[in-house]
Amino acid sequence: MTRDRAPSARRRRRPTRTGQLLSEELIVDTCLRLIEQHGGEALSMRRLGAALGSDATAVYRYFPGKDELLLAVADELIGRAMSGFRPTGDWLADLRRLAILVYRKHQAHPRTAALAAARVTGRANEIRTVETMLGVMRGGGFSEADAVRHYLSYIDMVLAFSALDAAARSTPGWGQPEPAWRSAYLGLAAEEYPNIAAASDELITRLSGSSFPLALELFLSALAGAPRADG
């Protein structure tokens with residue numbers, strides 16, 4: 001995992017009370033685990049230090065504050081999603097595969113995803129991802145300007161669904177239709193709400209899953225028909 005490093009005098013690796021050598025990698029991995037266990041709102045440098053078997057001051061030698069640490073965690077999530085991804089030259093297949101990889105990794109770390117999806121990390125994993133995906137878009141025949149526009153629309157859609165479904169996964173009772181939907185929509189008078197009444201069973205059924213697969217295919221279908229630079 002590559003990141004901007006602190007000055008060498010400040011990043012000398014020190015053993016924790018458990019005998020592990022403190023490092024950026026260990027701090028980020030531990031932070032990610034704590035967020036999934038307790039939520040981002042419960043994260044503090046003191047709690048992180050305790051989980052590492054170290055003092056909070058030791059964490060500050062690597063990260064000047066909580067926000068910098070969260071950016072590193074967000075970039076780690078990007079790196080894990082991109083691990084093993086290599087463009088094949090089939091640009092639509094590559095976009096589909098990457099979207100699914102990002103989405104699945106966020107669902108595996110739902111509480112972290114809710115914090116990370118909207119952040120711009122400016123770190124190595126994010127930069128490599130942007131470079132790779134702009135290359136995929138340009139390989140699809142799009143101009144530089146269109147490659148940027150389409151990439152941003154694509155990744156915003158993927159991250160929006162990733163964050164939305166991650167938030168749902170973090171909610172008690174995930175996977176079951178919201179009680180409010182059942183109480184508010186089932187049994188509405190067909191005379192007043194004919195469309196809802198006709199589709200009420202399907203509405204409740206679809207609430208137990210995600211719209212991401214369909215939204216992704218609709219997006220890719222539209223993108224496949226978009227004008228090209230050479231068209």
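**Entry 1: cavities**

I searched the whole structure, a predicted model, for cavities of 30 Å³ or more and found one. I noted a volume of about 30 Å³ for this largest cavity.

Next I listed its lining. I35, L70, V73, A74, T112, L115 and A116 line the largest cavity. Two elements give two or more residues each to that lining: α4 (66-82) and α6 (110-116). I then sorted the lining by class. Six residues are nonpolar, one is polar and none is charged.

**Entry 2: the second largest pocket**

I moved on to pockets. The second largest pocket has a volume of about 400 Å³. I counted 19 residues in its lining, and I78, E126, Y151, I155 and L159 lie nearest its centre. The elements that give two or more residues to this lining are α4, α5 (91-108), α7 and α8 (144-169). Which element gives the largest share of the lining? I found that α8 does, with five residues. By class, I noted 14 nonpolar, two polar and three charged residues in the lining of this pocket.

**Entry 3: L134**

L134 sits in helix α7, which covers residues 124-139. Is L134 buried, partly exposed or exposed? Its relative accessibility is 23%, so I logged L134 as partly exposed. The cut-offs explain the call: buried means under 20%, and exposed means over 50%.

Then I checked its contacts. I set aside neighbours within four places in sequence, and L134 is in contact with A147, V148 and Y151. I also looked up a pair distance. L134 and L152 are 18 residues apart along the chain, and their C-alpha atoms are separated by 9.5 Å.

Methods: Residues are numbered from 1 along each chain as its sequence is written. This is a predicted model: local features need pLDDT of at least 70, side-chain atom pairs count only at pLDDT 80 or more; totals for chains, interfaces and linings use all residues. Side-chain values use heavy atoms; hydrogens and water are left out. On a 1 Å grid over the protein atoms alone, a cavity is a set of points where a 1.4 Å probe fits but cannot get out, and a pocket is an open set with protein on both sides within 12 Å along at least five of seven lines; lining residues have an atom within 4 Å of a point. Grid points are joined across faces, edges and corners, and a volume is the space filled by probe spheres set on the points. Helices (H or I, at least four residues) and strands (E, at least two) are DSSP runs, numbered from the N terminus. Ala, Val, Leu, Ile, Met, Phe, Trp, Tyr, Cys and Pro count as nonpolar, Asp, Glu, Lys and Arg as charged, and the others, Gly among them, as polar. Buried means under 20% relative accessible area, exposed over 50%, partly exposed in between (1.4 Å probe, protein chains only). Contact means heavy atoms within 4.5 Å.
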